[in-house]
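Here is a briefing on one protein chain.

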Amino acid sequence: MKKTAQTLKRRMHGVMFRFPGMITCNEFEDFILAYLEDELPPAQKRVFELHLRVCRSCRLYLAAYKRALAAAKATRKEYDELEASVPEDLIAAILAAKDS
């Protein structure tokens with residue numbers, strides 16, 4: 001029974017990607033940032049979300065993409081906080097020592 005369910009799922013997956021207007025996985029990647037920033041027009045957003053529903057690989061890819069963005073933002077925030085805490089006279093002394 002499990003094998004039959006997997007076969008049906010694979011067939012459905014193949015059929016879904018032949019629907020008019022359906023995007024491919026490569027096209028999905030092109031729209032990720034616009035989707036996350038809520039900049040897709042309603043029709044494109046529906047197609048993007050439909051692809052998400054039928055494509056496990058792209059759901060996993062999107063989750064990893066979100067984690068990478070969160071890590072980059074956290075790193076940037078830490079860098080900005082560190083940069084703000086360095087005294088200007090220390091920066092000037094380092095730059096002066098570098099030039100001599």
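How many aromatic pairs does a search of the whole structure find? The search finds three. The model is predicted. Phe28, Tyr35 and Phe48 are linked into a cluster by ring pairs.

**Confidence**
- The mean pLDDT of the chain is 81, and 80% of the residues score at least 70.
- Among the elements, helix 3 (residues 42–54) has the highest mean pLDDT, 91.
- Helix 1 (residues 2–16) has the lowest, 57.
- Where pLDDT is low, predicted coordinates should not be read in detail.

**Helix 3**
- Helix 3 has 13 residues, which should span 18 Å at 1.5 Å a residue.
- The end C-alpha atoms of helix 3 are 19 Å apart, in agreement with that span.
- Its buried residues are Phe48, His51, Leu52 and Val54.

**Aromatic pairs**
- Phe28 and Phe48 are stacked, with 4.3 Å centre to centre and 10° between the planes.
- Phe28 lies in helix 2 (residues 25–36) and Phe48 in helix 3, so this pair ties together parts that are 20 residues apart in sequence.
- Both Phe28 and Phe48 are buried.
- Tyr35 and Phe48 have ring centres 4.2 Å apart and planes at 25°; the pair therefore counts as stacked, given the cut-off of under 30 degrees.
- This pair also links distant parts of the chain, with Tyr35 in helix 2 and Phe48 in helix 3, 13 residues apart.
- Tyr35 is buried, like Phe48.

Notes:
Residues numbered from 1 in each chain as written. Predicted model: local features only at pLDDT ≥ 70, side-chain atom pairs only at ≥ 80, totals over all residues. Heavy atoms only, no water. pLDDT = per-residue confidence, 0-100. Helix = DSSP H or I, 4+ residues; strand = E, 2+ residues; numbered from the N terminus. Expected span 1.5 Å × (residues − 1). Buried < 20%, exposed > 50% of the residue type's maximum accessible area, 1.4 Å probe, protein only. Phe/Tyr/Trp six-rings, centres within 6.5 Å; stacked < 30°, edge-to-face > 60°.
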